[in-house]
Amino acid sequence: MTTASAAPAASTTGEITILSPHDGTPVGTLACASEDEIRAAVASARTAARDWALTSPEERGSILRAAADALAGHAAELAELNTRETGKLPAEALGGVRAGVGTLHQYAELGPVHRGHSLRGSALAADWTVAEPRGVVAALTPWNDPVAVAAGLLGAAIVTGNTVVHKPSERCPHTGARLGEILAGVLPEGVLVTVTGGPEAGRVLTSLAGIDMFAHVGSTATGKAIARAAVETGAHVIRENGGNDALVIDDDVDPAWAAEQAAIGAFTNAGQICTSVERVYVHRGIAEPFLEALTAQARTRNGDPALLAPLVDRRLRETVHEHVSEALAHGATALEGGQVPDGPGSAYPATVLRDCTDGMVVMREETFGPVAPVRVVDSFEEGLRLAAGDRYGLAASVLTGSIAHAQQAVAELGVGTLKVNNVFGGAPGGAAQPRRDSGAGFGYGPELLDEMTQVKVVHVEMPAAPR
Ligand code: NAD
């Protein structure tokens, strides 16, 4: 556990050792928080909650701005740690930390102007809403963009007057602990407490009374477990979970450009992004030149380690390869990649699979690796229909020159985020609720301030005159 004043505590309940995804050498070992330490972390956040809630929003914003500046001052150090721990390419790791700094700054500005409504009842009464902090927020975050994702939840919670117990992923405990030290060093004692540990620590944290909200970004299975725990404790939950994002490609677009888009979507951060392209439906009219160009894109990445990050660890590599092997066993063909490389570390090649069908695991489940499984379809409408028939509802992309087809995609794809002609397109502040197995509630944007608060309606009128 780290607080503004304490170093990571020793623990008797085990430790986490991280091996480099690049070459398998040890990166470091950290002790996991014991149950008592987790309880103490919650108690410390609970103790700080009252004063922090009473601190003016302007003051909270100003302190959060100072925390963002402290993070900016350690950007290179944190990015380097993240690269060593999770394998993220250096430029993308630095981009992630800078995105985190930007998000903290945004919330520092938005928090103080987060406002309620006045309501019109009787002319002699006054009615208005007050957005109050929920209290103590447990933030449980993943490893794939650890600083940017955590900064969003932490910033929105803190600026609205909550205190936070943060449990970073066990796959990036050093990055998570250092982030906690940097931010907590600027915040009042107990406003942000970081606990180190794996799923067990998360289970303990989400079983405790005295936590008012669980903010989880991570896998669907974990999100469901946390939602079940919340039924018992009464905590409010938001879950930003996994996706199986489809890319549907029309026959009127340039196949080389479509391949570039598919490659960016499927191979960036080795496919370890929640909104990675997980499956591709391409119109038969351009399928062959598209597949050829996509294979070339994959080959270029496989020829240069500076272009393709390794997977975070061998556990994930096993899952990715299982998905690919199952597809190959059921009739798919690997045009590029598809084999586990020799040597240390957890690299996996950019892989293009053709002749995929929707029964294959690689098309049905989130693979979270650098894999582009492709199914050829006879029409854009068929692609949309197949894209829509999925248990996840995070995001989807379409590439088309037709406004009618783009509108059809908007109407028919039941996802939180739809991107037309840019797989990672989106304006700042864009936030949506994920659907079905991809989660619930807003995890980003100005709407996250609403999630972090609860609304009270106040009605005031004159006492009766003496009779
Ligand atoms: P994860 O759910 O395994 O881990 C996230 C956090 O939850 C970690 O701190 C972990 O220790 C904790 N946890 C694990 N089991 C728990 C339990 N039973 N109870 C309480 N806490 C528990 O997710 P991950 O593997 O670290 O991250 C990858 C996943 O995150 C992918 O599915 C990806 O799509 C998703 N993700 C989603 C978004 C989004 O915005 N939708 C963003 C990033 C990542």
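Predicted model: local features only at pLDDT ≥ 70, side-chain atom pairs only at ≥ 80, totals over all residues.

User: Which residues lie nearest the centre of the second largest pocket?

Analyst: They are P305, L308, A309, P310 and A347.

User: Where does the second largest pocket lie relative to the domains?

Analyst: Ask who supplies the lining. Domain 1 (15-119 + 129-241 + 437-452) gives residues, and domain 2 (246-420) does too, so the pocket lies between them.

User: Now the ligand. Which residues come nearest to it?

Analyst: Look for K167, E170, S219, E366 and Y444. They belong to a set of 29 residues around the ligand. By class, this shell has 11 nonpolar, 12 polar and 6 charged residues.

User: Which side chains have polar atoms close enough to the ligand to count as contacts, taking 3.5 Å as the cut-off?

Analyst: Take E170 as one case. An N or O atom of the E170 side chain sits 2.6 Å from a ligand oxygen. The side chain of Y444 also has an N or O atom 2.6 Å from an oxygen atom of the ligand. For R203, a polar side-chain atom is 3.5 Å from a ligand nitrogen.

User: How much of the ligand does the protein bury?

Analyst: Begin with the ligand alone, which exposes 840 Å². The protein buries 92% of that.

User: Which helix or strand gives the most to the shell around the ligand?

Analyst: That is α7, with 3 residues. Helix α7 spans 199-205. At least two shell residues each come from α7, β8 (213-217) and α8 (220-233).

User: Last topic, cavities. How many of 30 Å³ or more are found?

Analyst: The search of the whole structure finds 3. The largest cavity has a volume of about 80 Å³. Its lining has 16 residues, and R279, A387, Y392, A395 and V415 lie nearest the centre.

User: What builds the lining of the largest cavity?

Analyst: Helix α13 (380-388) and strands β15 (392-393) and β16 (395-399) each supply at least two residues. By class, the lining of the largest cavity has 9 nonpolar, 3 polar and 4 charged residues.

Key. Residues numbered from 1 in each chain as written. Heavy atoms only, no water. 1 Å grid on protein atoms, 1.4 Å probe; cavity = no way out; pocket = protein on both sides within 12 Å on 5 of 7 lines; lining within 4 Å. Domains from an automatic or database assignment. Near = heavy atom within 4 Å. Polar contact = N/O pair within 3.5 Å; in protein donor to acceptor, adjacent residues only side chain to side chain. Areas by Shrake-Rupley, 256 points an atom, 1.4 Å probe, with all protein chains shown as cover. Helix = DSSP H or I, 4+ residues; strand = E, 2+ residues; numbered from the N terminus. Nonpolar A, V, L, I, M, F, W, Y, C, P; charged D, E, K, R; others polar. Points joined across faces, edges and corners; volume = space filled by probe spheres on them.
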